[in-house]
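Trainee: I'd like to learn how to read a structure like this one. Could you walk me through it?

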Amino acid sequence: MNLGLFFWGVDKGSAALRFSRDFLKTLPQNASGSSAVSAPRRAVCSRQHHFAPGFALIVVGYGSPEEHALGHQAIRDAVAPLFELVTPMPYVQLQQMFDEANPWGTLAYEKALYLDELTDGAIQVFTEYLPKKTSRSRSFRLLPGRRVRPVPDDETAFGGSRKARYAFNISAVCPDPALYDGERSWVRSFWQALRRTHQGWAAT
């Protein structure tokens, strides 16, 4: 498996998300991707960028490294990333890649939303709420639904509508219980603001 993780600072958030919206639609069947925002950990970047807030595009491919290198170059050419991590990686290692952000025993609060489109209005909400992020453990992730939409709703054990093009998940992890109320408030406010773009409907 080949991993490409590309990270942009707050100043390039709008451009990175608009590019990611179009780029993810072009991925071949042997690749998948998602957009995310978080504070990167030691496992993915050098010390100077630890915990810096920003936006990421994550692309996972199952073909040859040469095949996926072409897509990686398209990303660099469109919006120059602050840093990147491009490497072969076992699937199990990918699963563990962000474990550091979710240590055992902490409190967490999450909400989710389905989006029919990643509109400019939704992108504006993302870029507005990122600067309000005060905890290093807050994050959100945007998952394209192109892999499940071709399958009818009642043909698998996977429930829920397959019509939405994106699933959006926002979470806050609280190592200090005293921070929980504030973290939960940020998640709920972000979620409500995204609903007001009138392009999504609530999942949880």
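Trainee: Let's start with charges. How many salt bridges does the structure hold?

Mentor: Three. Keep in mind that this is a predicted model, and that a salt bridge here asks for a side-chain nitrogen of Lys or Arg within 4 Å of a carboxyl oxygen of Asp or Glu.

Trainee: Which residue meets Asp120 in a salt bridge?

Mentor: Arg21 does, with 3.0 Å from N to O. Once you have a pair, look up where each partner sits. Asp120 belongs to helix 4 and Arg21 to helix 1, so this bridge ties together parts that lie 99 residues apart in sequence.

Trainee: What about Arg184: which residue is its salt-bridge partner?

Mentor: That's Asp181, and the closest N and O atoms are 3.3 Å apart. Check the spacing along the chain here. Arg184 and Asp181 are three residues apart in helix 5, which means that about one helical turn separates them. On accessibility, Asp181 counts as exposed because its value is 51%, while Arg184, at 25%, counts as partly exposed.

Trainee: Which residue does Arg76 meet in a salt bridge?

Mentor: Glu84, at 2.8 Å from N to O.

Trainee: Now the wider layout. How many helices and strands does the chain have?

Mentor: Five helices and eight strands.

Trainee: I've seen helix packing described by an angle and a distance. What are they for helix 1 and helix 4?

Mentor: Helix 1 covers residues 13-23, and it packs against helix 4 at an angle of about 140° with the axes 10 Å apart. The next step is to give the angle a name. Over 145 degrees would be roughly antiparallel, so helix 1 and helix 4 come out as oblique to each other. Their crossing is right-handed.

Trainee: Which residues in helix 1 and helix 4 meet there?

Mentor: From helix 1 you have Gly13, Ser14, Leu17, Arg18 and Arg21, and from helix 4 Asp120, Ile123, Phe126 and Thr127. Sort them by class and you get three nonpolar, three polar and three charged residues.

Trainee: What angle and axis distance do helix 4 and helix 5 have?

Mentor: Here helix 4, residues 120-129, and helix 5, residues 180-195, pack at about 160° with their axes 9 Å apart. That angle makes helix 4 roughly antiparallel to helix 5. Helix 4 passes helix 5 in a right-handed crossing.

Trainee: And which residues make that contact?

Mentor: Helix 4 brings Ala122, Val125, Phe126 and Tyr129, and helix 5 brings Trp186, Ser189, Phe190, Ala193 and Leu194. By class, this contact of helix 4 with helix 5 has eight nonpolar residues, one polar and no charged ones.

Trainee: Where do Leu113 and Tyr114 lie?

Mentor: Leu113 is in strand 5, and so is Tyr114, the strand running over residues 107-115. Leu113 counts as buried because its relative accessibility is 1%, whereas Tyr114, at 21%, counts as partly exposed.

Trainee: What share of the chain counts as buried?

Mentor: Of its 204 residues, 42%. For contacts, take those with a separation of 6 or more: residues 24 or more positions apart account for 80% of them.

Conventions:
Residues are numbered from 1 along each chain as its sequence is written. This is a predicted model: local features need pLDDT of at least 70, side-chain atom pairs count only at pLDDT 80 or more; totals for chains, interfaces and linings use all residues. Side-chain values use heavy atoms; hydrogens and water are left out. Axes are lines fitted to C-alpha atoms, for helices over the stretch in contact, and angles run from 0 to 180 degrees between N-to-C directions. Helices (H or I, at least four residues) and strands (E, at least two) are DSSP runs, numbered from the N terminus. Angles under 35 degrees count as roughly parallel, over 145 as roughly antiparallel, 65 to 115 as roughly perpendicular and the rest as oblique. A crossing is left-handed if the near helix is turned anticlockwise from the far one by less than a right angle, and right-handed if clockwise. Contact means heavy atoms within 4.5 Å. Ala, Val, Leu, Ile, Met, Phe, Trp, Tyr, Cys and Pro count as nonpolar, Asp, Glu, Lys and Arg as charged, and the others, Gly among them, as polar. Buried means under 20% relative accessible area, exposed over 50%, partly exposed in between (1.4 Å probe, protein chains only).
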